[in-house]
Amino acid sequence: MDMVSMGLLAAMGALATVAGASEDIESDAGSQSNPNSQVQLAAQVGHPHRIYNKAISGEPPSNALYAAVAAVTASVLMSGFGMSAFFAIAIGAVVAAIFNGIYATTAYMGRNTSQARFNQYVYLDVLRTHTTTIMAHAYITVFCVVSISYIMTASWLPIQHPFPMPLVAFIWGLAIGAIGSSTGDIHYGAEREFQSYPFGAGLNAANSGDIVTKAEAGLRSSIDNAWFCAKFGGPITGMAFGLTVFLDNWRATIFDPATQGGLVVLTGIVIVILFNIYNRIMESRARKRYGPYPEYIGDIEA
Amino acid sequence: MIFDANTALYIIEIVIGGLFVGVGVHFVPVGGAPAAMAQATGVGTGTVQLAAGSGLTGLLSAGMMMSVTDNILLVVASGAVGAMIMIDATMVVGNWSYIYGVGVPPASAKVDYDPITKNPQPPYVSQGTVGHGIPTVCYVSGTIGGLLGGAGGSLIYYALMNINHNPGLSGMFAIGIFVVNAVLASYNIQGTIEGFHDPKFKRVPRAFQACLVASLVIGIIAVLITGGA
Amino acid sequence: MSVAAGGGEAKLDKKKLMIYGIGGGIVGIYLAGILNMAMDTNYFSFLAGLGVIAVIVMGSEAVRMVCAYGIGTGVPSIGMMATGMGLVAAMFGLSIGGIAGPIIGLVVAVAFGYFIGAMANKIIKMNIPVMEESLTMLAAAGAITLIGLSVLVAGRIDYELIMGSVIDTGYIAVLFIAGSLAILHPFNANLGPDETQDRTLVHTISTGALAMIAGGIASIAIIGSAGILTILIAAVVWLWAFRWYFQLVKRDSAGVVGTGLLPKGEM
């Protein structure tokens with residue numbers, strides 16, 4: 001373990017945290033992934049809306065695409081034109097953001113058009129105001145993910161991953177999408193979309209599709225949703241991706257994989273056991289604090 | 001490429017890896033879209049997505065380890081641990097989201113008592129939902145799923161690396177074989193499952209057969225491909 | 001995902017689409033490879049990209065067919081599976097086939113796809129009548145897409161060259177995912193009760209052009225200015241397809257409005 005590796009590891013963890021947070025806000029501002037099923041349903045149950053409908057084929061593949069496009073562009077600029085890594089990654093992220101914008105625009109148009117019979121309009125001003133916001137967040141995400149991949153593969157840095165940089169970026173893109181859709185999106189789907197229902201309960205299936213379409217003044221837009229989710233959903237998504245990147249690489253940094261491979265694996269197992277114990281503690285605390293639901297009428301004692 | 005005992009061994013390793021992936025997917029607790037609205041127990045995403053996210057994170061760790069050693073145990077264990085860390089971090093943060101963001105205690109609706117902690121579940125399930133959050137049994141199940149997924153992906157990578165000695169090609173192929181097995185398995189569970197205590201888990205033998213045959217066919221093809229110059 | 005998947009009836013026959021898709025893909029790849037070799041240049045690489053767009057349209061139709069049945073898991077997985085199967089078949093074909101590589105890859109992919117579809121129906125008992133057929137089409141689309149984009153990047157149908165320029169550099173990652181999204185995104189993006197075949201397929205042309213642009217960017221490092229030509233042609237195709245798509249959106253939607261409140265009759 002040397003100081004340079006430790007510093008790079010810290011940088012990777014920080015970049016990953018920022019990437020996770022912006023990834024979640026990007027998907028909330030565009031309403032992507034699973035919570036979008038309710039946005040989709042809303043028009044069908046009689047609530048047309050002005051919320052973005054960015055159905056880009058699941059977060060993991062779409063983020064993998066942005067990361068891979070940016071990494072390839074950066075790699076072409078670095079190897080073909082000798083550009084410095086910083087500018088190459090920045091330009092790569094711009095290209096990825098353009099891809100993101102195109103996919104987002106066509107998805108919004110397509111999904112809303114396919115709901116013509118429910119009177120769901122295609123609002124061009126929603127496209128104009130939201131798409132740039134979404135692209136900006138995608139830019140931050142991609143820049144961070146590709147930077148992590150660059151740190152892991154660059155030949156002059158101590159961490160030498162055998163995979164080529166675009167492949168590493170592709171895998172981290174897939175991982176960040178999987179994490180984003182499993183963590184922060186719940187805050188958007190279960191809380192923000194259904195804010196009119198009391199806090200502290202899951203969505204009753206009978207209320208599916210009854211999302212909030214009105215704001216404090218006027219109609220709710222997806223930027224309002226991003227504002228809300230940036231307070232909790234975004235940061236915790238960042239924590240999840242940051243923890244993944246940091247812990248996974250930390251164990252290979254404090255021990256040398258070549259000579260202390262067993263210790264690297266053992267450290268990982270200890271981390272996993274601690275996670276399991278922590279989850280159990282959190283579960284019991286939640287059960288104790290919240291107590292059983294008063295409406296419950298079964299025989300099983302709480 | 002000559003077919004000898006080693007080639008057969010590599011094919012067997014690919015098949016075992018594929019089976020690990022296929023069976024591992026059944027352990028991953030995913031509630032699909034309803035889980036994102038705290039309407040179903042499990043992680044609020046798709047099976048393949050979460051399994052691929054964790055399994056491929058494991059592949060990164062395994063690739064790192066494979067570049068410094070060729071001990072199969074270390075490579076596979078490293079991949080498994082990498083995948084477990086990713087899925088555990090995701091599930092812990094997912095639970096933060098459920099507990100602190102939505103305000104629901106984790107509860108399963110498929111069983112009356114958690115098989116591991118013996119805690120009663122139904123009183124903690126809110127009205128009109130089929131559970132929410134990731135209770136202990138699902139969490140442990142998910143960890144096992146990560147273990148199998150990561151180990152499977154790494155084993156495929158290990159076998160391919162020994163044939164073509166090309167990390168890029170082997171990594172990409174491992175992803176391809178991983179995805180095919182994971183998708184077949186997710187068709188078997190029809191998208192959502194809570195973990196090993198879920199009645200759907202009894203369908204594992206079908207996925208086992210399907211993944212066995214699929215991995216065998218793909219494995220035979222894959223070992224014939226050379227790494228080039 | 002959604003309650004009502006699938007949509008309007010198919011106006012274009014799938015047999016026709018299969019012939020145009022597979023035929024166009026193979027012809028494009030060979031034209032690019034042979035013309036490049038005969039003229040000793042790389043400027044014909046874009047032809048492989050145009051072939052890829054044709055075959056992606058076929059793949060998108062296969063996604064439409066199978067996802068109308070509600071396969072229990074989202075649209076994305078089946079697209080990933082298409083390129084997953086296609087990748088192994090494509091590399092196998094290229095590695096043993098030499099100049100016949102694309103054809104061998106296609107044959108292997110068709111066998112894979114049929115086989116995995118049969119297993120999904122027979123062993124897993126999904127009982128979706130079009131499963132074999134659509135997975136066959138998807139695997140073929142995945143394989144030709146990857147071969148085509150690899151030829152587009154490398155400029156030749158040559159395994160050693162493709163290994164060096166596509167696999168070792170890691171560009172395969174973007175070809176894999178861009179091809180996969182091009183196949184699965186259009187149906188996913190147009191999902192809903194009022195989905196129409198022509199709108200989805202026109203959208204596919206535009207996503208196919210995006211995949212070609214991604215391949216073109218990667219190819220700049222390998223074949224230089226010929227890659228820029230590829231990007232320019234792909235951009236023109238994209239613009240044309242996008243404008244057409246926007247026309248169809250205007251035709252099909254309840255209303256394309258600059259701004260406005262919710263429509264009347266809202267409950």
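Mentor: In this predicted model, a helix axis is a line fitted to C-alpha atoms over the stretch in contact, and the angle is taken between N-to-C directions. Helix 3 (residues 75-97) of chain C and helix 5 (residues 131-154) of chain C have axes that come within 7 Å and cross at roughly 60°.

Trainee: Why are helix 3 of chain C and helix 5 of chain C called oblique to each other?

Mentor: Roughly parallel requires an angle under 35 degrees, roughly perpendicular 65 to 115, and roughly antiparallel over 145; the rest count as oblique. The axes cross at roughly 60°, and the two helices of chain C are therefore oblique.

Trainee: Is the crossing of these two helices left-handed or right-handed?

Mentor: The crossing of helix 3 of chain C and helix 5 of chain C is right-handed.

Trainee: Which residues of the two helices meet?

Mentor: Helix 3 of chain C brings residues including I78(C), A82(C), M85(C) and G86(C), and helix 5 of chain C brings residues including L138(C), A139(C), G142(C) and L146(C). By class, this contact has 13 nonpolar, five polar and no charged residues.

Trainee: How many residues does each chain give where chain C touches chain A?

Mentor: Chain C gives 54 residues and chain A gives 52. On the chain C side, helix 7 gives the most, with 10 residues. That side divides into 30 nonpolar, 19 polar and five charged residues.

Trainee: What makes chain A as compact as a globular protein of its length?

Mentor: The globule rule gives 19 Å for 302 residues, and the radius of gyration of chain A, 22 Å, is close to that value, so chain A is as compact as a globular protein of that length. Chain A has 10 helices and one strand.

Trainee: Which element gives the largest share of the side of chain B that touches chain A?

Mentor: Helix 4 of chain B gives the largest share, 22 residues. The contact takes 71 residues from chain B and 73 from chain A. The chain B side divides into 39 nonpolar, 30 polar and two charged residues.

Definitions and conventions:
Residues are numbered from 1 along each chain as its sequence is written. Chains are lettered from A and ligands numbered from 1 in the order in which they are written. This is a predicted model: local features need pLDDT of at least 70, side-chain atom pairs count only at pLDDT 80 or more; totals for chains, interfaces and linings use all residues. Axes are lines fitted to C-alpha atoms, for helices over the stretch in contact, and angles run from 0 to 180 degrees between N-to-C directions. Helices (H or I, at least four residues) and strands (E, at least two) are DSSP runs, numbered from the N terminus. A crossing is left-handed if the near helix is turned anticlockwise from the far one by less than a right angle, and right-handed if clockwise. Two residues are in contact if their C-beta atoms, placed from the backbone, lie within 7 Å. Ala, Val, Leu, Ile, Met, Phe, Trp, Tyr, Cys and Pro count as nonpolar, Asp, Glu, Lys and Arg as charged, and the others, Gly among them, as polar. The radius of gyration is taken over C-alpha atoms; the globule rule is 2.2 Å times the number of residues to the power 0.38.
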